[in-house]
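Please look through the sequence and the structure shown below, and keep both at hand while you work through the exercises.

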Amino acid sequence: MRRSRKRKLYKLQVAVALTTLIAICTGFLVYTILDQTNSNSSSAPKRETVEQSKLSSEKAEASSKEAKSEPEEEKVTEEKDPESKEKVAQTLTSEDSVEQKVEAIMTEMTLQEKIGQMMVVGFNSKSIDDHITKMIKEYHVGGVILFDRNMETQEQVASLNEDLQQLSKGANGLPLILSIDQEGGQIVRMREQVSPIPSQQELGQKNDPTAVYTTAQRTGKELLSMGFNVNFAPVLDLSATDSRSFGKDPKKVDTLGREVVAGMMDSGITTTLKHFPGNGRSDVDPHLETSSVEANKLDLENSDIYPFKQMIKEENNEQFFVMVTHIKYPAYDKENPASISKVIINDLLKEQLGFKGLVVTDDLEMGAVNKYFTYEDLGEQATAAGADLLLVCHTLENQKAVFNGILKAVQSKELSEERIDDAVRKILTHKLSAE
């Protein structure tokens, strides 16, 4: 009996243990399944978020790379409004005085059009190409300079210059300054197609003013027949060795320089006295590198500057431009080359010497300046210094940079629009007086 009870008790204990074990296992299994389900449901959005974030990041990176590889849209100015162009055309044919015409035209000009008038640019073709078309129609340049690369025969040059004039008048109603360097000697464009032009050194050695006048007049007539209206000559630098110079004597250089101006003017060509304030002392080619003239003010004014000073004082300033060199003159300005020096252009040339005509820089693409300044800075600084015309003779990108440098400086108030207006007023006065 007692053994039977023990057996029953044992069976009961085993049953309870098994039941407990099954309950524990079942509970653990349910917990594991629920935990796994919760884990899956909570981690799915996280994975999705990570994937989306990764995808967004990749898209952003791709977009960034695309933006970097894609060039910025080029900013160009608009072509002149037809109504405004018509007003300019009517003004040009009116019976108003030159001064009245100039003021009327300026009221129709945008800032961009005014800045364009201050630039004289070159291009590479023997006929009108996209480069010069863009600069005339979109940047409104006021002048063009031709080199051998543009010239083949006198007839071809005449046709090209006429086409350029028509392009400009069609774009903004205004004529172009059409220019050239026709000095003589080594600096003769299209040498085989024009009359012989002795070097200034040869003419200076003969010291015959009549021969100088005759040569200049003949050259001027040929230039006029080809459509040019400005010659960047004569050279008034003093030098005993440079073939471009009339010599070392400042009085002789003054005398013979006047004959060039007279001969050209009598032929209908405006001349240019260069390279102010006189770079005959330097043996470094400014096309390649900068240099400095170490002379005091008294020495410079009694020699190098003398021919410029006398002609400015005694001749009609409307008959010639003055081109400023890129050489440095520490006696006047210890930091800046003459072409971007306010002390030399404004204070010395315009105020002290009283020059009332147009001041033009030497080519801003020369090594003497482009190695040390950006083209935007050159545009701004030359204009601020008092230059009225800026020569940029070769590259489209550099021409646009010079233009934009001036524009940005005016828009940021670093350069006054009054300075622009002063230059453009003189440019338009010259153009309308020469018509």
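The exercises that follow treat a sheet, a pair of helices and a single residue.

This is a predicted model, in which local features need pLDDT of at least 70 and side-chain atom pairs count only at pLDDT 80 or more, while totals for chains, interfaces and linings use all residues. Residues are numbered from 1 along each chain as its sequence is written, and side-chain values use heavy atoms, with hydrogens and water left out.

**Exercise 1.** Work out in which order the strands of the open sheet lie, and how they pair.

*Solution.* Begin with the terms: strands are DSSP runs of E with at least two residues, helices are runs of H or I with at least four, and both are numbered from the N terminus. Two strands pair if DSSP finds at least two bridges between them. With this rule, three strands form an open sheet in the order β5-β6-β7, with parallel pairing. At its edges lie β5 (271-276) and β7 (359-361), each of which pairs on one side only. Next, go through the bridges: four of them link β5 to β6 (residues 320-324), and among the partners are Thr272 with Phe321 and Leu273 with Val322. Three bridges join β6 to β7, where Met323 has Val360 as its bridge partner.

**Exercise 2.** Decide which residues of β6 point one way and which point the other way.

*Solution.* Phe320, Val322 and Val324 point one way from β6, whereas Phe321 and Met323 point the other way. Then check the burial, where buried means under 20% relative accessible area, exposed over 50%, and partly exposed in between, with a 1.4 Å probe and protein chains only.

**Exercise 3.** Determine how helix α14 packs against helix α15.

*Solution.* The axes of α14 (residues 375-385) and α15 (residues 396-411) are 7 Å apart and meet at an angle of about 55°. That makes α14 oblique to α15, since angles under 35 degrees count as roughly parallel, over 145 as roughly antiparallel, 65 to 115 as roughly perpendicular and the rest as oblique. Now look for contacts, meaning heavy atoms within 4.5 Å: Tyr375 and Gly379 are among the residues of α14 that meet α15, whose contact residues include Ala401 and Ile406.

**Exercise 4.** Find out whether Asn346 is buried or exposed.

*Solution.* Asn346 lies in helix α12 (residues 342-352). Asn346 is buried because its relative accessible area is 18%. Not counting residues up to four places away in sequence, Asn346 touches Ser341, Glu351 and Ala385.

Conventions: Axes fitted to C-alpha atoms, helices over the stretch in contact; angles between N-to-C directions.
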